[in-house]
Each structure stands twice: as structure tokens, then as C-alpha cells.
Amino acid sequence: QVQLVESGGGLVQTGGSLRLSCAASGRTFGSTDTGWFRQAPGKEREFVAYITWNGGIYADSVKGRFTISRDNGKNTQYLQMNSLKPEDTAIYYCAAGNDGVMSDPTRYRYWGQGTQVTVSS
């Protein structure tokens, strides 16, 4: 059984930073099929970032501010979020087990429970 557990969310002011973590059990992160998504109230789940063998790929809305990384030894994925804006407020989800387009949330088999990020203005 694969389990993903996110942590690190919270309340932060505009311009602040947070680091999200996603710990995996029952699966290794040795492959490249992992990513981060987010969902704001009343909106669809959207792509944030995924990691490949040569680095991260980012949504335009977070490019230059967010950094995805992974520690295979700890079986943990991270999302460093800097220069946060109120529009970044959402529940952030870790995803794994992709079988298609990496930015498509419907192509991921495993999901964490999500962690709330709230950015105040």
C-alpha cells in the first residue's frame, strides 16, 4: 500500500516562504513520476510542479518562486515556496505514480491528504 503524507503548510504573510514535504511509504521515489498540485476553493486542481531526471518543471504562475526537489534516500519530496502571494492560497497535494502527461492530475495514481497553505495580504 502506497501512502503519501504532506506536511509544512500554514499561514504566512505575502512575500514569505514555506517548505512543504511529502513523505512516501510503500514506494520509492527513485523514479521521476512525482509532482505537486494545488486546489483553491471553488477551483479545479491545478499543476504546480513535477520533477524529472534533469530538474523541475513548473507552472508559469510559480516559476522562479517555487523549487521542487527530492531526497531519494529519505523517500521524501519537497516544495520550497518563496515570495508567496495571496493567490498561492490553496490545499497543496503531493502526487505519485504517473502514467501519462506529468502536468495532468488525472494521470497520477497516488495522492496525499493535502496540506493547507494560506497567504495573507
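Which two cysteines form a disulfide, and how far apart are their sulfur atoms? I looked that up to begin with: Cys 22 and Cys 94 form it, with the sulfur atoms 2.1 Å apart. My cut-off for a disulfide is a pair of cysteine sulfur atoms within 2.5 Å.

Ground rules, before I go on. I'm working with a predicted model, where local features need pLDDT of at least 70 and side-chain atom pairs count only at pLDDT 80 or more, while totals for chains, interfaces and linings use all residues. Residues are numbered from 1 along each chain as its sequence is written, and side-chain values use heavy atoms, with hydrogens and water left out.

**Entry: the disulfide**

I searched the whole structure and got one disulfide. The link of Cys 22 and Cys 94 is left-handed, with -75° about the S-S bond. It links distant parts of the chain, as Cys 22 sits in strand S3 and Cys 94 in strand S9, 72 residues apart. (Strands, E, of at least two residues, and helices, H or I, of at least four, are DSSP runs numbered from the N terminus.) I then checked burial, where buried means under 20% relative accessible area, exposed over 50%, and partly exposed in between, using a 1.4 Å probe and protein chains only. Cys 22 is buried at 0%, and Cys 94 is buried at 0% too.

Ser 21 has 17% relative accessibility, so it counts as buried. Contact here means heavy atoms within 4.5 Å. Leaving aside neighbours within four places in sequence, I found Ser 21 touching several residues, among them Val 5, Trp 36 and Tyr 78.

**Entry: strand S9**

Why is S9 largely enclosed by the rest of the structure? Eight of its nine residues are buried, so that settles it. Next I went through its partners, counting two strands as paired if DSSP finds at least two bridges between them. S4 and S9 pair in the antiparallel sense over six bridges, and Gly 35 stands opposite Ala 95 in S9. S11 (residues 115-120) runs antiparallel to S9 and is joined to it by three bridges; there, Ile 91 stands opposite Gln 116. S10 (residues 108-111) is also antiparallel to S9, with three bridges, and Ala 96 faces Tyr 110 in S10.

**Entry: salt bridges**

How many salt bridges does the structure hold? I get five, taking a salt bridge as a side-chain nitrogen of Lys or Arg within 4 Å of a carboxyl oxygen of Asp or Glu.

One of them joins the side chains of Arg 38 and Asp 88, at 2.9 Å from N to O. Arg 38 lies in strand S4 (residues 34-39) and Asp 88 in the loop between S8 (76-81) and S9 (90-98), so the pair ties together parts that are 50 residues apart in sequence. Arg 38 is buried at 6%, and Asp 88 is buried at 0%.

Another is Asp 60 with Lys 63, where the closest N and O atoms are 3.1 Å apart. Asp 60 is exposed, at 67%.

Arg 107 and Asp 99 make a salt bridge as well, with 3.0 Å between the closest N and O atoms. Arg 107 is partly exposed at 33%, whereas Asp 99 is exposed at 55%.
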